[in-house]
Amino acid sequence: MAEATVGTNFLTLSHRAKRFDVENAIQQANAGRSHKQGIEYQWQDALTASPIWRKITVAPMRWPKGQSIVSIQEITDQITHQIQLENYEAELLELKTNFSSLVHDLRSPLTSFKLYLDLLQKAKTGKKEKYLTIMHQEIMHMNKLVDDLLALSRLEIPDVHSLALVDIMSLVQEVVVVEQPIANDKGLTLRFLFPNEEPVWVWGQSRQLLRVVTNLVSNALRYTAVGTVTIQLKLEPEQNRVELTVSDTGIGIAPEVLPFIFEPFFRSPRAQAVTPKGTGLGLAIVKRIIALHNGSIDVFSELNQGTSFRIFLPLVRDTAVSQPSP
């Protein structure tokens, strides 16, 4: 126990513990029954706001009978180490799960590639083009998976000096130009709604924010067979933020899987049935980037009706400011 507690009254040291539990332990000890587990209690230090843990142990005396010894032990270090160990175990389990998913996702296209390579060697001229097309798709899928893995591993908190003013308006327009041919090929309507074409400024890294919008729009197009994908930009000056929404009329997301869609490598059974296949990393990357830009993201979905992703980012009103405030 810390030196500062030496000579301190027992009631002062134990006032954070439940009085009933302490009295009950003493009664049991006086009756000859030891309270082996002890009574743990915790509070926050008034100066440092750090948690402090103590443990009260009560043991019966051999002589004279009917009396007991009460001790108080400082166990903050032990509890802290236990919590850290539990966190490490949780992180290790997550790493193992992600690694297992990664191996599976890499093995799947490799297995498919080997299969069609064998078929290609034996195939007649008419089927060779079909097999080559499938093999090309599998290579592209593997390439996208590796790119997403690298992108996720490289995401770090950006240095304030690496941030710049980014015009979300122009960024969305750039994505629309790139994704429009895909929408046309599928017979979908891709539209961008915003009251005017004035720049909408945020602090950030343009390449990362471009990836966010691209991932959301490409996902919406992938999982929509008929209808519309809509990108909408709204200013919320009273809350000092900008809202970006990407909505579709696609297959939707089942309520039971919604809590997991931002987890790395997660793909719902309905999503797995859609081609071209996704990597299961796109939404994890999106959420991570938005968090690094002090923003937030939420999702609303209904099966067979569509999905809407909403992103909120801090709005920059004064573009004369050279850097964002920390």
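I began at Leu-171, which lies in helix 5. The model is a predicted one. Is Leu-171 buried or exposed? Its relative accessible area is 6%, under the 20% cut-off, so Leu-171 is buried. I then took a C-alpha distance to Val-200. Leu-171 and Val-200 are 29 residues apart in sequence and 9.8 Å apart in space.

**Entry: along helix 5**

I looked up Val-176 next, also in helix 5. At 15% relative accessibility, Val-176 counts as buried.

Which residues of helix 5 are buried? I listed Ile-168, Met-169, Leu-171, Val-172, Val-175, Val-176, Glu-179 and Ala-183. An α-helix has 3.6 residues a turn, so residues three or four places apart point the same way.

I checked the length of the helix. Helix 5 has 19 residues, and at 1.5 Å a residue they should span 27 Å. The end C-alpha atoms are 26 Å apart, which agrees.

Where does helix 5 bend? The bend is at Glu-179, by about 40°. A proline, Pro-181, follows within four residues. Glu-179 is also on my list of buried residues.

I looked at both ends. At the start of helix 5, a side-chain oxygen of Asp-167 comes within 3.1 Å of the backbone nitrogen of Met-169. After the helix comes Gly-187, with a positive phi near 75°.

**Entry: the cavity**

Rolling a probe the size of a water molecule over the atoms shows where empty space is left. How many cavities of 30 Å³ or more are there? The search finds one. The largest cavity holds about 40 Å³ of space.

I wrote down its lining: Ile-168, Leu-171, Leu-209, Val-212, Val-213, Leu-244, Ile-290, Ile-311 and Leu-313. Two or more lining residues come from each of helix 5 (168–186), helix 6 (206–222) and strand 10 (306–314). Which element gives the most? Helix 6 does, with three residues.

I sorted the lining by residue class. Nine are nonpolar, none is polar and none is charged. Leu-171, where I began, is among the lining residues.

Ile-290 is another lining residue, and I followed it into helix 8, where it is buried. Helix 8 covers residues 282–292. Eight of its 11 residues are buried, so helix 8 is largely enclosed by the rest of the structure. I noted the buried ones: Gly-282, Leu-283, Ala-284, Ile-285, Val-286, Ile-289, Ile-290 and Leu-292.

What follows helix 8? I found Asn-294, with a phi near 60°. That is a positive value in a residue other than glycine. Asn-294 is in the loop between helix 8 and strand 9 (296–302). Its relative accessible area is 67%, and Asn-294 is exposed.

I found a positive phi at Asn-304 as well, about 65°, although Asn-304 is not a glycine. Asn-304 lies in the loop between strand 9 and strand 10. At 56% relative accessibility, Asn-304 counts as exposed.

**Entry: side chains to backbone nitrogens**

I went on to Asn-196. It is in the loop between strand 5 (189–193) and strand 6 (201–204). The relative accessible area of Asn-196 is 36%. That lies between the cut-offs of 20% and 50%, so Asn-196 is partly exposed.

Which backbone nitrogen does the Asn-196 side chain approach? A polar atom of that side chain lies 3.0 Å from the backbone nitrogen of Glu-198. I also took the C-alpha distance from Asn-196 to Met-169 and got 9.5 Å. The two are 27 residues apart in sequence.

Thr-76 is buried, with a relative accessible area of 15%. A polar atom of the Thr-76 side chain lies 2.9 Å from the backbone nitrogen of Trp-53.

Technical notes:
Residues numbered from 1 in each chain as written. Predicted model: local features only at pLDDT ≥ 70, side-chain atom pairs only at ≥ 80, totals over all residues. Heavy atoms only, no water. 1 Å grid on protein atoms, 1.4 Å probe; cavity = no way out; pocket = protein on both sides within 12 Å on 5 of 7 lines; lining within 4 Å. Points joined across faces, edges and corners; volume = space filled by probe spheres on them. Nonpolar A, V, L, I, M, F, W, Y, C, P; charged D, E, K, R; others polar. Expected span 1.5 Å × (residues − 1). Bend = angle between axes of the 7 residues up to and from the residue. Buried < 20%, exposed > 50% of the residue type's maximum accessible area, 1.4 Å probe, protein only. Polar contact = N/O pair within 3.5 Å; in protein donor to acceptor, adjacent residues only side chain to side chain.
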